[in-house]
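Reader: I have just opened this model and would like to learn how to read it. Could you walk me through it, feature by feature?

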Amino acid sequence: MSKIEVDAIDKQSGSTLTLGGSGTAVTLACGATQTGFGRTGTVDWQTTPKTGDFTAVNGEGYFVNTTSGAIIMTMPSGSAGAIVSIQDYNKTFDTNNLTVTPASGEKINGGSADGILVISTEGQGLTFIYVDSTVGWKTVHE
């Protein structure tokens, strides 16, 4: 068992131990759990362009290549703070659209449940953040 220096502990309440302060990096051991960190609002970009229909994954960004035809992207099931980004890979969304479909019963930009979003602007890039069941997936960058 390793030791923790006492000045690194901010407070302890029940089974929750708060380490470090603002601006302090904390490394968690394998198997440890955390709360309160949240996402930074960034995605991990997948560098192999998508050339066919696919289901997005929370925390990922995609270059979508519609040169050969229209593509459907299905959003993952939403949970508050989930994030997905897309970017028109070869500036062909105006010729062959990207259709974004929410998971069953969910919304995009507060529209109707199961309503789709068709992206047809050349070179378009969007980031989607899941807000709640009222708004669903909200576009925050265009």
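Author: Gladly! This is a predicted model, where local features need pLDDT of at least 70, side-chain atom pairs count only at pLDDT 80 or more, and totals for chains, interfaces and linings use all residues. Residues are numbered from 1 along each chain as its sequence is written, and side-chain values use heavy atoms, with hydrogens and water left out.

Reader: How many helices and strands are in the chain?

Author: Helices (H or I, at least four residues) and strands (E, at least two) are DSSP runs, numbered from the N terminus. Here the chain has 11 strands and zero helices.

Reader: What is the order of the strands in the open sheet?

Author: Two strands pair if DSSP finds at least two bridges between them. In this chain, five strands form an open sheet in the order β3-β5-β7-β10-β11, and the pairing is mixed. At its edges are β3 (44-50) and β11 (137-141), each of which pairs on one side only. Angles are taken between axes, lines fitted to C-alpha atoms (for helices over the stretch in contact), and run from 0 to 180 degrees between N-to-C directions. Neighbouring strands of this sheet are turned against each other by 25 degrees on average, direction ignored.

Reader: How many bridges join β10 to β11?

Author: Four bridges join β10 (residues 125-130) to β11, and the two run antiparallel. Look for Tyr130, whose bridge partner in β11 is Trp137.

Reader: Which strands run parallel to β6?

Author: Strand β4 (residues 54-55) is joined to β6 by two bridges and runs parallel to it; there, Thr55 stands opposite Thr74. Between β6 and β8 there are four bridges, again with a parallel run, and Ile71 has Leu98 in β8 as its bridge partner.

Reader: Which residues touch the most other members of the largest nonpolar core?

Author: A nonpolar core is a set of buried Ala, Val, Leu, Ile, Met, Phe, Trp, Tyr and Cys residues joined through side-chain atoms within 4.5 Å. The largest one has 19 residues, and those touching the most other members are Val64, Met73, Ile86, Leu98, Val100, Phe128 and Trp137. Strands β5 (60-64), β6, β7 (83-88), β8 and β10 each supply at least two of its residues, and β10 gives the most, with three.

Reader: What is Ile86 in contact with?

Author: Contact means heavy atoms within 4.5 Å. Setting aside neighbours within four places in sequence, the contacts of Ile86 include Trp45, Tyr62, Met73, Leu98 and Phe128.

Reader: Is Thr99 buried or exposed?

Author: Thr99, in strand β8 (residues 98-101), counts as buried because its relative accessibility is 16%. Beyond its neighbours within four places in sequence, Thr99 is in contact with Ile71, Ile72, Met73, Ile116, Leu117 and Val118.

Reader: And what does Thr139 touch?

Author: Thr139 lies in β11 and is buried, with a relative accessible area of 14%. Not counting residues up to four places away in sequence, Thr139 touches Asn109, Leu117, Leu126, Thr127 and Phe128. The C-alpha atoms of Thr139 and Phe128 are 4.5 Å apart, though the two residues are separated by 11 residues along the chain.

Methods. Buried means under 20% relative accessible area, exposed over 50%, partly exposed in between (1.4 Å probe, protein chains only).
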